[in-house]
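Welcome! Take a moment to look over the sequence and the 3D view, and then we will walk through them together.

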Amino acid sequence: MTRLTLVRGDITEQDVDAVVNAANSSLLGGGGVDGAIHRRGGPEILAACRDLRASQYGKGLPTGRAVATTAGRLPARWVIHTVGPVYGAAGADPSLLASCYRESLRVADELGARTVAFPAVSTGAYGWPMADAARIAVEAVRSAATDVEEVRFVLFDEQAYQAFAERIGSSDTG
Ligand code: ADP
């Protein structure tokens with residue numbers, strides 16, 4: 001069974017097998033989590049993303065999908081990039097946000113990652129309301145068939161932490 005844990009902090013500092021990036025479809029960098037990961041992880045990550053754009057993702061990574069690269073200088077071994085839906089955009093339904101979590105875990109399984117840290121995908125620049133995003137994230141992870149042993153939600157501020165804590169309950173956080 002996958003253990004769900006909660007941390008208030010910075011995703012780039014997590015000592016896990018894989019950290020998930022709230023990327024944009026270009027894979028070529030942005031603000032928020034994406035900016036922090038590239039800043040701290042160094043140029044190797046961007047180089048790997050450029051290679052992906054030059055090969056299987058010529059048009060960019062579609063919303064709801066996930067792909068892995070090196071984690072460069074981060075403590076993690078891999079970065080799993082996923083593209084969340086923009087809240088309110090045409091076709092941006094909750095299933096696409098759930099898909100980010102499911103697809104990231106599928107990629108984690110392919111890599112053999114056992115511990116994976118997620119940010120609250122789509123809740124920054126992409127505007128998804130935190131409480132709803134937390135519900136979707138927790139349901140998606142709980143219903144996923146995965147060999148990942150720990151899914152760690154890394155929340156940047158108290159409001160985000162509380163939203164996830166309410167969904168998870170105190171029983172299985174650690
Ligand atoms: P998106 O474009 O998918 O909305 P953002 O990166 O803008 O992604 O924001 C996603 C969430 O991650 C927001 O709640 C934001 O506050 C939070 N966040 C920003 N930087 C970090 C970080 N270094 N570690 C963890 N969470 C972060």
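Let us start at the ligand, where a polar side-chain atom of D10 lies 3.0 Å from one of the ligand's nitrogen atoms. Keep in mind as you look that this is a predicted model.

The backbone takes part too. A backbone N or O atom of V33 lies 2.8 Å from an oxygen atom of the ligand, and a backbone N or O atom of Y126 lies 3.0 Å from an oxygen atom of the ligand. How much of the ligand does the protein bury? On its own, the ligand exposes 560 Å², and the protein buries 89% of that.

## The shell and the pocket

Where does the ligand sit? You will find the ligand in the largest pocket. There are 15 residues around the ligand, and those that come nearest are V33, S122, T123, G124 and A125.

Sorted by class, the shell around the ligand has nine nonpolar residues, five polar ones and one charged one. Which element gives the most to this shell? That is helix α1, covering residues 32-41, with three residues.

## The chain as a whole

Now step back to see the whole protein chain. Its secondary structure comes to five helices and six strands. If you trace the chain from the N terminus, the elements follow the order β-β-α-α-β-β-α-β-α-β-α.

Along its principal axes, the C-alpha trace of the protein chain spans about 45 × 35 × 30 Å.

Definitions and conventions: Residues numbered from 1 in each chain as written. Predicted model: local features only at pLDDT ≥ 70, side-chain atom pairs only at ≥ 80, totals over all residues. Heavy atoms only, no water. Near = heavy atom within 4 Å. Polar contact = N/O pair within 3.5 Å; in protein donor to acceptor, adjacent residues only side chain to side chain. Areas by Shrake-Rupley, 256 points an atom, 1.4 Å probe, with all protein chains shown as cover. 1 Å grid on protein atoms, 1.4 Å probe; cavity = no way out; pocket = protein on both sides within 12 Å on 5 of 7 lines; lining within 4 Å. Sits in = over half its atoms within 2 Å of the grid points. Helix = DSSP H or I, 4+ residues; strand = E, 2+ residues; numbered from the N terminus. Nonpolar A, V, L, I, M, F, W, Y, C, P; charged D, E, K, R; others polar.
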